[in-house]
Amino acid sequence: MKPSILTTMPVSPALHDRLSGLYDLHRLPEGAGPDAIPNLARGARALITLGSLRTDTALMDALPELGLICCYGTGFEGVDRPAAARRGIVVTNAGDANAASVAEFAIGLMLTASRDILIGDRLVRAGGWTSLKLDRMPLVPGLAGRRLGIYGLGAIGMRIAQRAAAFDMAIGYHNRSPRPDVSYAFHGSLMDLARWADVLMVAVRAGTDNRHAVNRDILAALGRDGLLVNISRGIAVDEAALCEALEAGAIAGAALDVYEHEPQVPDRLKALPNVVLTPHMAALSSAAQGAQQEILLDNLQAFFGGRPVRWQVPPA
């Protein structure tokens, strides 16, 4: 018999075919609780999920044979890791598989917002470009010589820094502690980083300890000419405070790929002209998705074959 596995996330048809060819694959409907787990799936040995989805004690209790939790992406904030550790459940993620894809998208968001690319696109489409006057678009500062503050200099943050350096930007960052392997300017607090930065890039790993870390005070410190870019998780930014800051002109603009309550996006954000909004798509490149799928399949095969898994997440 094929080993039984359960997924709480939607998977692509191609991945579904690969998984179902090797395993007895079951699906928990989106938003459903543990009571909705099909009886045939109660013996699942492995669970496939997203870091943003809740994987708590109730779900683990409903799967008494569970030995592996595979977070398809790099995030794992929704997993109760202490509970998993108590049960001897191994937790994995995709490591840095999507780091390059997310980093290049972060640069794209920064360029789009800082250079008014969408405003120019709408102007052309609406027939508003009628002359070659130099004031047909407002002048913007550009990126060369400006200061990029990266909140979270992990795998993604490092790649963002490397790419931003090619734009002749000054790079600073805030982490729990300085990284001895980089020459970028370390800032001991997020507030210090926000005061210094022209662009604040949120690339931190999300968790309860940094929920709403970017709040009203941080946005005020970023200032009227500042730009916020978030490719981390929506919970890292206080969305209500961000809307207030954008509406009041307390910051110049924002570019967001993630939100607090996905896939819902506040109407207040949608109504603002100085915001770039995308549907959590930074990792949706063929290279990133292919790499994430291979890691997932490798981890499942290693687990069921009694071998060490890749990218094991440490207990909290």
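**Entry 1: a pair of strands**

I began with strand S9 (residues 199–202) and strand S10 (residues 227–230), which pair in the parallel sense over four bridges. Two strands pair if DSSP finds at least two bridges between them. Strands (E, at least two residues) and helices (H or I, at least four) are DSSP runs, numbered from the N terminus. I then asked which residue of S10 is the bridge partner of Met201. The partner is Val229.

**Entry 2: what I am looking at**

I noted that this is a predicted model, in which local features need pLDDT of at least 70 and side-chain atom pairs count only at pLDDT 80 or more, while totals for chains, interfaces and linings use all residues. Residues are numbered from 1 along each chain as its sequence is written, and side-chain values use heavy atoms, with hydrogens and water left out.

**Entry 3: the whole chain**

I counted eleven helices and twelve strands in the chain. The radius of gyration is 21 Å, close to the 20 Å from the globule rule for 316 residues, so the chain is as compact as a globular protein of that length. That radius is taken over C-alpha atoms, and the rule is 2.2 Å times the number of residues to the power 0.38. Along the principal axes, the C-alpha atoms fill a box of roughly 70 × 45 × 30 Å.

I looked up burial next. Of the 316 residues, 50% are buried. Buried means under 20% relative accessible area, exposed means over 50%, and partly exposed is in between (1.4 Å probe, protein chains only). The accessible surface comes to about 15200 Å², and carbon and sulfur atoms own 54% of it. These areas come from the Shrake-Rupley method with a 1.4 Å probe.

I also checked contacts, meaning heavy atoms within 4.5 Å. Among those with a separation of 6 or more, 60% join residues 24 or more positions apart.

I found 30 positive and 31 negative side chains, with the centres of the two sets 2 Å apart. Lys and Arg count as positive, Asp and Glu as negative; His and the chain ends are not counted.

**Entry 4: the seven-stranded sheet**

In what order do the seven strands of the open sheet run? I read S8-S7-S6-S9-S10-S11-S12, with parallel pairing. The edge strands are S8 (185–186) and S12 (275–277), each pairing on one side only.

Inside this sheet, S6 and S7 pair in the parallel sense over five bridges. The bridge partner of Arg147 in S7 is Ala170. S7 is mostly covered, with four of its five residues buried.

**Entry 5: Gly172**

I picked Gly172, which lies in strand S7 (residues 170–174). Is Gly172 buried or exposed? Gly172 is buried, at a relative accessible area of 0%. Leaving out residues up to four places away in sequence, Gly172 touches Leu148, Gly149, Ile150, Ala185, His187, Leu193 and Trp196. Gly172 and Ala185 are 13 residues apart along the chain, yet their C-alpha atoms are separated by 4.4 Å.

I listed the buried residues of helix H6 (residues 155–165): Ile156, Gly157, Met158, Ile160, Ala161 and Ala164. They pack against helix H4 (99–114), strand S6 (147–151), S7 and S9.

Asp168 lies in the loop between H6 and S7. Its phi is near 60°, a positive value in a residue other than glycine. Asp168 counts as exposed, at 56% relative accessibility.

**Entry 6: strand S3**

I moved to strand S3 (residues 46–49), where both faces are covered. Ala46 and Ile48 on one side, and Leu47 and Thr49 on the other, are all buried. In a regular strand the side chains alternate between the two faces of the sheet.

S3 pairs in the parallel sense with strand S1 (residues 4–7) over three bridges. The bridge partner of Ile5 in S3 is Ala46. S3 also pairs in the parallel sense with strand S4 (residues 68–71), over four bridges. Which residue of S4 stands opposite Thr49? I found Cys71 there.

I found a cis peptide bond from Glu262 to Pro263, with omega near 5°. Pro263 is in the loop between strand S11 (253–256) and helix H10 (267–270).

Trp311 is in the segment after helix H11 (286–304). Its phi is near 55°, again a positive value in a residue other than glycine. Trp311 counts as partly exposed, at 37% relative accessibility.

Notes. Charge placed at Lys NZ, Arg CZ, Asp CG, Glu CD.
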